[in-house]
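This briefing goes through a two-chain model topic by topic. Please keep the sequence and the structure in view while reading.

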Amino acid sequence: MAQIRVENLRKSFDQFTAVHDSNFTIENGTFFALLGPSGCGKTTTLRMLAGLELPTDGRILLDGEDVTFRRAAARDIAFVFQLFALYPHMNVEQNIGFPLKCQGMARREARERVVETARLLRIEHLLSHKTSKLSGGDRQRVALGRAMVRRPKAFLMDEPLGALDAEFRQLMCGELRDLHDRISATTIYVTHDQHEAMSMADSIAVMDSGRIEQIGSPQAIYDRPASMFVADFIGSPPMNFLHFEAGLQSGDRAVKFRDVSVAVPEIREQRSVGPLVLGVRPEHILFSDTAPMRGRVFGAEYLGTTQIVTVETEQGRIKARLSSRVPVQVGETVGLAFRPDGLALFDARTGLAIRTASHGSNGHG
Amino acid sequence: MAKVVLRHVNKRFGHIEAVRNLSLVINDGEFVVLLGPSGAGKTTTLRLITGLETPDEGSISIDGRDVTRDSPGARDIAFVFQQYSLYPHLTVYDNLAFPLRSPARRVPEAAIRKRVEQTAELLHIASKLGNRATRLSGGEMQRVAIGRALVRDPSIYLMDEPLSSLDAKLRAELRLELKRIQVELGATILYVTHDQVEAMTMASRIGVIKDGELLQLGTPREIYEDPGDRYVAGRLGTPQINFLPASLVPEVTKPSGTETIGVRTEHLRIVKANGGGLIGRVHRIEHLGDQNHVHLEYRGQMLVILADPHKPLEAGQAVELQLVQPLYFDAAGRRVAATIH
């Protein structure tokens, strides 16, 4: 298995730049997710890593070796498309063994490899079964087996679970991650689904318009988003944005939000007066009769232990996640208070996060 | 709006019993959601109420009148389908006005205008009335489709997964809108879906349906907190409720007849080892931002537990578990009442 390094990678199609100057390193054995909306450049990045697309500029290093212009077949990387693509006329063993047969591997050796792969995937008992008779989950496992059997240096996966319904996708996420833990293969996984990325990846790169906005662990990206784009893309419901104008002093522990003083993590930047955004995750909002910010309850959505309450305020609709034990009446006026530790501040003009104490420590954010 | 009553309705297609002995009352102004997987009989139920299918047995009445044998046109029902199915050559205005312009209704044009404008206002598409239906976003198209049902004042609105073709963000927005509109109009709605979030967030009452049979009917909170059987318990809640064979937790006192214990992910607490017997080992931690899903192994069984994202835990660690509000089920999967302490 391998380390993958990307240096100043860029891809242009005529006038359009699909990927701008990307830089990242994926350490050996990491599960790395490229996450972003459609058209953000995540699939183009993956295709360049696979050798299906040649970069306009920059380098790709596989275990230190420059493979930028090497053919796809010579890169020792397995590309997993939609997991369901199996050969219907072959049995499981033939499906998994197919790449080895193409390589011309001796039959006995190939057979050993197939059995070993099937054991890792826990489908040994299915080797002689026809693929058309398999359940959805087993077909996915066979498709994965076909990618694994060559023992590639890395796996590249492009929305492999995209076509599945929500419950089955959740199940397969768990399985893919468990498999990763067993074989520790460097994996790059492209998705537009934040839940898939959060649930499986060690590290996530969030992309927008061809640029990587942030790279970090799922929790770091959630707790300390580098930009409003990331804050909005991760989390459901997404972070609430409250616009205001103010100046900031390094060391401040509160901001002047309109007429109200709002406690925030200690600010580490100096700013003259300008448009700012206070970012509040729904779970960091409390209802408080004494809070100066007021709003009218527009709707309450019961979700079991928690409920999402939408409140109409002068700053627009705000969504709060509260315990479902809190009684809420549509139409009633409520006061909104924020837990200071979870708050984020952004520069409204650039959309970038303003540094606070939460960026300094590793713990709370 | 009106009350709709189904009594002992049966419908078979060949050997398949699509709907079995279904009795259901949808009260005036109520938002009832039938929740079930595909093939459960949800859509058949809607088709029986509209008159597109006729029951083999049982009766259907609307506002006290037996309509079991009435033609669909005579039943005064509005239907919203999963696909928008708008008239692409017409404007939003004309799409909304279409049901009112039916020759059978003979609504004067001035009354139509008033009704269409009111509906567009309600759905926040008033500024789009002059647009061609094809020049709209997906969310707007679905609003128009819902609007086309709302311009009429039928006894009941029947909705067949109307939000399922939309993306997650839009779906969340329209859920809230639909609920607001229903409350504002006092509309009676029967809505079918396989999406538990839609059911929980919009319904006055949820009917959990499986293999043509209504398993339980109740408010979202009743269904979630007080499920009548194992299937219903597993139907609501993400991640799914944990089921443990009773024999795996001999330490826990349970009512007699208990075969399986159901514990929701938020009702399994991880505590400091305190000499208790329920010791599990952390297998994997999923970081989802506002919460962590801790997968852990307990006596050979995998359990999922909801935990605070900043609770220090790591794979391989041994932890003690506490069961809060466990649900007990017998061998047939029926709920066993907890013994009173």
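**Briefing on chains A and B**

Of the 365 residues of chain A, 43% count as buried, where buried means 20 or more other C-beta atoms within 10 Å of the residue's own, exposed means 12 or fewer, and partly exposed is in between, with C-beta atoms placed from the backbone. This is a predicted model, in which local features need pLDDT of at least 70, side-chain atom pairs count only at pLDDT 80 or more, and totals for chains, interfaces and linings use all residues. Residues are numbered from 1 along each chain as its sequence is written, while chains are lettered from A and ligands numbered from 1 in the order in which they are written.

**Overall make-up**

- Chain A contains nine helices and 20 strands; helices (H or I, at least four residues) and strands (E, at least two) are DSSP runs numbered from the N terminus.
- For chain B the count is eight helices and 19 strands.
- Along the principal axes, the C-alpha atoms of chain A fill a box of roughly 75 × 45 × 35 Å, and the C-alpha trace of chain B spans about 80 × 45 × 35 Å.
- In chain B, 38% of the 341 residues are buried.
- Among contacts in chain A between residues at least 6 apart in sequence, 64% join residues at least 24 apart; a contact requires C-beta atoms, placed from the backbone, that lie within 7 Å.
- In chain B, residues 24 or more positions apart account for 64% of the contacts with a separation of 6 or more.

**Domains of chain B**

- Chain B is divided into domain 1 (4-234) and domain 2 (242-336), with bounds that come from an automatic or database domain assignment.
- The contact between them takes six residues from domain 1 of chain B and seven residues from domain 2 of chain B.
- On the domain 1 side, the touching residues are three nonpolar, one polar and two charged. Here Ala, Val, Leu, Ile, Met, Phe, Trp, Tyr, Cys and Pro count as nonpolar, Asp, Glu, Lys and Arg as charged, and the others, Gly among them, as polar.
- The centres of domain 1 and domain 2 of chain B, taken over C-alpha atoms, are 39 Å apart.

**Contact between the chains**

- Across the interface, 21 residues of chain A are in contact with 22 residues of chain B.
- On the chain A side, the elements that give two or more residues are α6 (194-200), α7 (218-223) and β16 (293-302).
- By class, this side of chain A has eight nonpolar, nine polar and four charged residues.

**Sheets of chain A**

- Six strands of chain A form an open sheet with mixed pairing, in the order β6-β7-β8-β3-β9-β10; two strands pair if DSSP finds at least two bridges between them.
- The edge strands of this sheet are β6 and β10 of chain A, each of which pairs on one side only.
- From one strand to the next, the twist averages 15°, with axes being lines fitted to C-alpha atoms (for helices over the stretch in contact) and angles running from 0 to 180 degrees between N-to-C directions.
- F31(A) has T187(A) in β8(A) as its bridge partner.
- An open sheet of three strands in chain A has antiparallel pairing and the order β11-β14-β20.
- Its edge strands are β11 (240-248) and β20 (344-347) of chain A, each pairing on one side only, and the twist averages 35° from one strand to the next.
- Strand β14 (residues 271-280) of chain A is joined to β20(A) by four bridges, and the two run antiparallel. The bridge partner of V277(A) in β20(A) is F346(A).

**Backbone details**

- Most residues other than glycine have a negative phi, and most peptide bonds are trans.
- The peptide bond from S236(A) to P237(A) is cis, with omega near -5°; P237(A) is in the loop between α8 (228-233) and β11 of chain A.
- In chain B, the peptide bond from T238(B) to P239(B) is cis, with omega near -15°, and P239(B) lies in the loop between α8 (230-235) and β11 (242-245).
- D76(A), not a glycine, has a positive phi of about 60° and lies in the loop between β5 (65-66) and β6 (77-80) of chain A. D76(A) counts as partly exposed because 15 C-beta neighbours lie inside 10 Å.
- S209(A), also not a glycine, has a positive phi of about 45°. S209(A) is in the loop between β9 (203-208) and β10 (211-216) of chain A and is partly exposed, with 15 other C-beta atoms within 10 Å.

Key: Contact = placed C-beta atoms within 7 Å.
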